[in-house]
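Hello,

Please find the structure below, followed by notes on what was found in it.

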Amino acid sequence: MTIELLATLNPEQRQAVTSEATRVLVLAGAGSGKTRVLVHRVGWLVEQHLATPYNILAVTFTNKAAGEMRGRIEELLQQPTRQMWVGTFHGLAHRLRRAHWQDANLPEHFQILDSEDQLRAIKRILKNMQLDDARWPPKSVRNFINSRKEAGHRARHVDPQNDPFLAKMAAIYLEYEQYCQRSGLVDFAELLLRSLELWRDKPEVTAHYRQRFKHILADEFQDTNALQYAWLQLLAGDSSHLFIVGDDDQSIYGWRGARIENMQEFVDAGTEGKLVRLEQNYRSTNTILGAANALIEHNQERLGKNLWSAGERGDPIQLYRAFNEIDEARYVIDQAQAWIDKGRPPGELAILYRSNAQSRLFEETLVARGIPYRVYGGQRFFERAEIKDALGYLRLLANPADDSAFERVVNHPPRGIGSRTLEILRDAARHRDLSLHDTALALTATADLSGRARNALTTFLTLLEELKERSAGATLEEKIEQVLRASRLIEHFAAERSDKAEARVENLQELVSAARGFDEQADDEFDPLSQFLANAALEAGDNQAEAGEDCLQMMTLHSAKGLEFDQVFMVGVEEGLFPHQRSLEEQGRLEEERRLCYVGITRARKHLNICHAESRRLYGETFFPQPSRFISEIPENYIEEVRLGGQDQQPLFAPKTRFAAGIPQRGRYRNGQSIRHKKFGEGTILAIEGEGDKARIQVNFKNVGKKWLIAGFANLEPSA
DNA sequence: TGCGAAGAGGTTTTT
DNA sequence: CCTCTTCGCA
């Protein structure tokens, strides 16, 4: 079996799998068989008796990846691996917090706040603090809190430095922290932070897990944030093996805290010599790989690697310059139709775009032609409003102090508890430092409320009380059925006369099915209800593409990561859209956009198509975008321009001046152009508004930063 | 409490 | 331009 195990690997893969170093970094290019390496690494460890499954912890980013990994390991080892810990950072952190809840000053039945719950809580707190949410946008507050947590800082650690803005943010953070503590709520970042604090503050606990997990494997390392990196380092200590797999060129989540620097740091911290590059690609043609290599070569900050394939050169990349976005959609769908007509599997064709809004036109065109398709990235099952309503009742059953759940369901469906009553309730809760639930209990016993409000509130509390009594000893499925019956949620949605009503009712029934049999398969460490709720928060349901549905695939470039298709269309490849304007305006974001493009290109197995439009309607305005710089970063010999027969199109490239001909420009200047200004020096044009001498031009100067200039006065000179 | 008008905002997403 | 949220009114 050993021979077999290694025989299917190439030399680099084998080197990684059998490495004896305590720190190994596998730089795994797209399509280079990284999951294979991870799976075989585990197989090797077990087979060579270097470790038992009990000694292994493998961490990934998505539940899907975790499930896949476990499945493939079991397949390889031909034995169950229940002893092995495989999961997401959050899943594992949650498991640890559950096991050690007493150490953390947490209620046993603490709940997980998802991002939406978190935002609602923040809005509530802003109201309480009487802060205008136009000046304190809840989403910015959430970003602030999450980024602080990711840096390992609690509210009390925020140093306001005489900055009133920071001071206020810190105050909001503190309120939020207290709110969560009081209600037994933990958000995603908190889960990681608490887990890290466990390693830090409980050496005996840490020692136990270090002793146990002699081998720690991490996938998609380029996506780790600072907390996750620290978590891995602390858990590993000096003695455990860290086997890390990632690709810095595919790091596309910097904006949500992922630190591509973690890879560099890991190398600097002594991985030298144990860095293994997987550069042989088993997915794409050499044309596609050549284009990807050339493109990513333009990035400065990378460890560096070059993909190659033993396979064929393949077809050139098809470049289509559309007249406008409608023409773009028409062209792509024509090609898709031709693909299908040739009998190729529709599911092997993907349309990839930078932003979700772009899908609309393609959808309309597909609907008009009656071609089935699937768009990824909608709401997931456990995120749907009706599901979260039902879960709200369950959360209150598990933990009545859960104010977040109380707020959600107290008057939903409507039962006559209006905003005035709630105002009184919240006020009283704050003064008594009690949960909303307990405050409600107290208030209904006094005369502080009008008769009507008191009645309504009493009805609600009785409902909860009865649910609790009746559901004791019931299975989870029965509990949910009771919740639905008692709350009358189904009747409420059924009476709604929107087109969504029917789907909502179905979803609620689906929730009951999801709970069916859950009690038996739940492990006995925790009660099934808590497990179900945690599951709902940590595993909100499918969103990523799945095999099986054989129709056209449409998704953002981000959600395409990890997938592959025979035929790929990258659309809207234009300056301002891809790279996105917002990324152009911020220092250092361009390289991530380029990595995103690299991800897009390397999704294609056989055929890659790139489209851009000369004119595009966006936000009710017509833009004339330049073709993306990414197109010109791909060597011309890989590209074939599409000329539709019979149409009089100008050639896109006259040699050298590739995009100069036939593309509308705003006067002498265009976005992305390098210019020189007498006073400000060298810079790049970010945006142009208006035309001629009166045009306002935004320039990002190397030395003085961003400035708006008037074309007629600025006297900008083109520079190299 | 529910509806329609008016307004804001519009990159990417997992846990 | 389109979609989602909020606000004011009946």
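D114 caps the N-terminal end of α6, with a side-chain oxygen 3.0 Å from the backbone nitrogen of E116. Helices here are DSSP runs of H or I with at least four residues, numbered from the N terminus.

This is a predicted model, in which local features need pLDDT of at least 70 and side-chain atom pairs pLDDT 80 or more, while totals for chains, interfaces and linings use all residues. Residues are numbered from 1 along each chain as its sequence is written, chains are lettered from A and ligands numbered from 1 in the order written, and side-chain values use heavy atoms, without hydrogens or water.

The 14 residues of α6 (residues 115–128) should span 20 Å at 1.5 Å a residue, and the end C-alpha atoms are 20 Å apart, which agrees; the expected span is 1.5 Å times one less than the number of residues. Among the buried residues of α6 are L119, I122 and L126 (buried: under 20% relative accessible area, 1.4 Å probe, protein chains only). After α6 comes Q130, with a positive phi near 55°.

DNA strand B is surrounded by 29 residues, and the closest are S115, N356, R582, S583 and R589 (near: a heavy atom within 4 Å).

Regards

Notes:
Helices (H or I, at least four residues) and strands (E, at least two) are DSSP runs, numbered from the N terminus. Buried means under 20% relative accessible area, exposed over 50%, partly exposed in between (1.4 Å probe, protein chains only). A polar contact is a pair of N or O atoms within 3.5 Å; within protein, one must be able to donate a hydrogen and the other to accept it, and residues adjacent in sequence count only if both atoms are side-chain atoms.
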